[in-house]
Structure formats: structure tokens, C-alpha cells
Amino acid sequence: PPFQGESLDSNLLLRRISLDIRGIPPLESELERIESNPQELDTLIDAYLQDPLHHRQLIEELRVLKKL
């Protein structure tokens, strides 16, 4: 993880967010979208949260937690 105050480049940040929310890396088109306009990050995060993959990711995490 980065040190406090250290910023991630937009590609790495989007990769971490996509993996955490959807369980998959971002699409190349999503990376290009962020590179051309970093302000699109919020829009992509909102879309990730509505993605059915996010719901599957949450269900899987709950299953893992139940086993603990």
C-alpha cells in the first residue's frame, strides 16, 4: 500500500478499485477513459457498484466470512 500522502497513478487506482468492487481488473477502455479524463473516476465507480459482478463479489465475501 502507498504511504500516507503518496498518490497512486490513475491506472493503478482504477485497477485496485475494480478488483475490490468487481473482482476483475478494469477493461482497457476504462483505463483509457481515466487516462483521458481523471474526473471520470467517480462515474466509473458508480457504474462498478451497479455491476452484477459487484453483487456476486459481495455474496462471495459473505460466504467466506460465514465460514470463519
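Guide: Gladly! Along the sequence, this chain runs in the pattern α-α-α-α. Please keep in mind that the model is predicted.

Visitor: How many helices and strands does the chain have?

Guide: There are four helices and zero strands. Of the 68 residues in the chain, 21% are buried.

Visitor: Let's start with R22. Why does R22 count as buried?

Guide: Buried means under 20% relative accessible area. R22 has 7% relative accessibility, so R22 counts as buried. This residue lies in helix α1.

Visitor: And what does R22 touch, leaving out residues up to four places away in sequence?

Guide: R22 touches L27, E30, Y48, D51, L53, H54 and Q57.

Visitor: What makes the R22 and E30 pair a polar contact?

Guide: The cut-off for such a pair of N or O atoms is 3.5 Å. The side chains of R22 and E30 are joined at 3.2 Å, within that limit, so the term polar contact applies.

Visitor: Which residues of α2 are buried?

Guide: In α2, residues 28-36, the buried ones are E30, L31 and I34. They cover an arc of only 100° around the axis, which puts them on the same side of α2.

Visitor: Why do residues three or four places apart point the same way in an α-helix?

Guide: An α-helix has 3.6 residues a turn, so residues at that spacing point the same way.

Visitor: What does the face of α2 turned away from its buried side carry?

Guide: That face carries the exposed residues E28, E35 and S36. The buried residues of α2, for their part, pack against α1 (10-22) and α3 (41-50).

Visitor: How do you know that α2 is roughly antiparallel to α3?

Guide: The two helices pack at an angle of about 150°, with their axes 10 Å apart. Angles over 145 degrees count as roughly antiparallel, and that makes α2 roughly antiparallel to α3.

Visitor: Which residues meet where α2 packs with α3?

Guide: E30, R33 and I34 in α2 meet L41, T43, L44 and Y48 in α3. By class, this contact of α2 with α3 has four nonpolar, one polar and two charged residues.

Visitor: Which residues of α3 are buried?

Guide: L41, L44 and Y48 are the buried residues of α3. Their arc around the axis is only 65°, which puts them on the same side of α3. On the other side of α3, D42 and Q50 are exposed. The buried residues of α3 pack against α1, α2 and α4 (52-67).

Visitor: Why is I45 called partly exposed?

Guide: I45 has a relative accessible area of 21%, so I45 is partly exposed. I45 is found in helix α3 and touches I17 and I21, not counting residues up to four places away in sequence. I45 and S18 are 27 residues apart in sequence and 8.0 Å apart in space, C-alpha to C-alpha.

Visitor: What makes L19 partly exposed?

Guide: L19 has 33% relative accessibility, which lies between 20% and 50%, so L19 counts as partly exposed. Its place is in helix α1. Apart from neighbours within four places in sequence, L19 is in contact with I24, P25 and Q57. The C-alpha atoms of L19 and H54, 35 residues apart along the chain, are separated by 9.7 Å.

Visitor: At what angle do the axes of α1 and α4 cross?

Guide: They cross at roughly 65° and come within 7 Å. The contact is made by L19, D20, I21 and R22 of α1 and L53, H54, Q57 and E61 of α4. By class, the contact of α1 with α4 has three nonpolar, two polar and three charged residues.

Key. Residues are numbered from 1 along each chain as its sequence is written. This is a predicted model: local features need pLDDT of at least 70, side-chain atom pairs count only at pLDDT 80 or more; totals for chains, interfaces and linings use all residues. Side-chain values use heavy atoms; hydrogens and water are left out. Buried means under 20% relative accessible area, exposed over 50%, partly exposed in between (1.4 Å probe, protein chains only). The arc is that of the directions from the helix axis to the C-beta atoms. Contact means heavy atoms within 4.5 Å. Axes are lines fitted to C-alpha atoms, for helices over the stretch in contact, and angles run from 0 to 180 degrees between N-to-C directions. Angles under 35 degrees count as roughly parallel, over 145 as roughly antiparallel, 65 to 115 as roughly perpendicular and the rest as oblique. Ala, Val, Leu, Ile, Met, Phe, Trp, Tyr, Cys and Pro count as nonpolar, Asp, Glu, Lys and Arg as charged, and the others, Gly among them, as polar. A polar contact is a pair of N or O atoms within 3.5 Å; within protein, one must be able to donate a hydrogen and the other to accept it, and residues adjacent in sequence count only if both atoms are side-chain atoms.
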